[in-house]
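Here is a short report on one model.

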Amino acid sequence: MRLIVIGGDAAGMSAAAQARRGRGPDELEIHAFELGRFVSYSACGIPYWIGGVVDDRDRLIARTPAEFRKAGIEVHTRHEVTGIDLDARTVTVRDLDAGSTRHEGFDELVYATGATPVRPPWADITGKGVFGVQTLEDGDALREWLSTEKPETAVVIGAGYIGVEMAEALIKRGLRVTLVERAQQPMGTIDDDMGALLATTIRDLGIDLRTGVTVQGLETANGKIRAVATDAGPLPAGVVVIGLGVRPNTALAEAAGLPLGATGGLRTDQRQQVAGGVWAAGDCTEVHHRVSGGQVHVPLGTHANKQGRVAGINIGGGHATFPGVIGTAVTKLCDLEVARTGLSSAEAARARFETVTATIESTNRAGYFPGAVPMTVKVIAERETGMLLGAQIVGRTEAAKRIDAFAVAIWNRMTVGEMTGLDLGYAPPYAPVWDPILVAARKAEQELDRHRP
């Protein structure tokens with residue numbers, strides 16, 4: 001059998017590696033085609049490399065093409081798959097270095113092309129100094145610009161995860177940073193009241209956060225970026241980073257007649273199969289949300305690795321399924337930590353849940369213990385049943401990973417009442433005697449009591 005993998009990052013190479021574990025080289029021939037120069041790397045680590053927290057780009061690379069080849073997986077970098085013929089069971093491949101095109105046959109195909117950045121029409125300019133941060137090549141180009149041009153001002157467009165992380169990275173490098181967001185608060189995946197806490201910290205760090213501002217265009221001079229035009233006036237910029245999110249990279253799949261869902265991502269079954277002998281995994285797919293019951297697009301490396309593993313196990317002769325997601329995510333801005341899981345209030349409303357919410361202030365450790373710092377915890381529960389629907393945390397040291405306890409509770413459909421009795425670890429260096437998780441669950445239970453007949 002012959003397996004072709006389109007895309008050489010988390011999902012694609014996880015699928016290839018798992019398929020190889022199931023079937024040896026004499027039984028399964030594996031070829032992976034990657035558009036860029038690198039495979040199997042952490043795109044999530046790029047902002048920390050830009051900011052100098054990670055000192056070496058290669059530390060972001062999990063495995064090199066040479067390492068995969070030793071495992072019996074032939075990796076072709078700088079190769080673009082430009083067409084899929086499902087009837088002929090072939091893909092058309094262009095060698096970007098040689099300038100040649102050829103056809104490659106397959107018995108099994110893994111589509112793992114990831115996502116493409118959202119780029120409005122105004123972002124299509126010829127001037128230099130405008131960057132995304134999706135690939136290691138993007139990171140190389142941005143670092144080169146910062147080193148050679150030495151800009152003093154930066155504008156980051158979009159205050160989602162990448163935008164916030166890049167604003168931190170650039171201010172650490174000594175630039176004057178403006179962060180522009182069209183919404184009224186940063187980080188649209190959390191509720192506005194929690195986003196307001198983040199906004200305060202962003203401004204306290206010296207980042208000029210402009211919310212409720214719409215970008216209208218980019219201005220250049222002498223072939224280089226000069227300013228960002230907005231409905232609130234121009235913003236000087238020696239470098240611009242665009243972080244407006246991503247969409248599934250499915251143009252090639254759509255042209256081949258493979259089914260797309262409402263999110264624009266490929267539709268797969270629980271085994272990650274799209275059609276007979278065709279599999280898909282990672283940011284190019286849509287996934288089942290275990291709380292809302294709907295299909296969502298959640299581009300995260302955690303899901304990509306798991307989905308790729310599932311596809312590879314099935315290709316290798318085993319059986320595995322992907323159970324869905326609940327939207328757990330964490331990030332940081334200097335020492336401020338932000339976390340969320342499940343549904344936000346807006347998402348719960350769209351899913352037609354009647355909810356109650358509870359927000360509490362607590363500390364990461366016993367209040368008297370050195371290093372105790374505040375955190376805010378918000379929980380969202382279904383009014384009728386008390387089932388936990390979502391949780392959000394904004395705090396300092398040791399705040400964000402507490403979201404994992406909420407994630408486990410949501411995954412197992414626990415009520416906030418059941419959570420109040422959880423046997424969590426306690427010692428003054430690690431938590432108050434009533435952990436913030438328990439305090440938030442208890443307050444939510446009290447809110448539910450107020451609404452019960």
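How does Cys 334 count at 23% relative accessibility: buried, partly exposed or exposed? Cys 334 counts as partly exposed because its relative accessibility is 23%. Buried means under 20% relative accessible area, exposed over 50%, and partly exposed in between (1.4 Å probe, protein chains only).

This is a predicted model: local features need pLDDT of at least 70, side-chain atom pairs count only at pLDDT 80 or more, and totals for chains, interfaces and linings use all residues. Residues are numbered from 1 along each chain as its sequence is written, and side-chain values use heavy atoms, without hydrogens and water.

The structure holds zero disulfides (pairs of cysteine sulfur atoms within 2.5 Å).

| Cysteine | Nearest cysteine sulfur | Distance | Relative accessibility |
|---|---|---|---|
| Cys 44 | Cys 284 | 16 Å | 48% |
| Cys 334 | Cys 44 | 19 Å | 23% |

Next, helix α1, residues 10-22. Helices are DSSP runs of H or I, at least four residues, and strands are E runs of at least two, numbered from the N terminus. Eleven of the 13 residues of α1 are buried, so the helix is largely enclosed by the rest of the structure. Among them are Met 13, Gln 18 and Arg 20. The buried residues pack against β1, β2, α3, β3, β7 and α8, with contact meaning heavy atoms within 4.5 Å.

Last, the second largest pocket. About 160 Å³ of space lies in it. Its lining includes Asp 269, Glu 286, His 288 and Phe 322. A pocket is an open set of points on a 1 Å grid over the protein atoms alone, where a 1.4 Å probe fits, with protein on both sides within 12 Å along at least five of seven lines; lining residues have an atom within 4 Å of a point.

Key:
The expected span of a helix is 1.5 Å times one less than its number of residues. Grid points are joined across faces, edges and corners, and a volume is the space filled by probe spheres set on the points.
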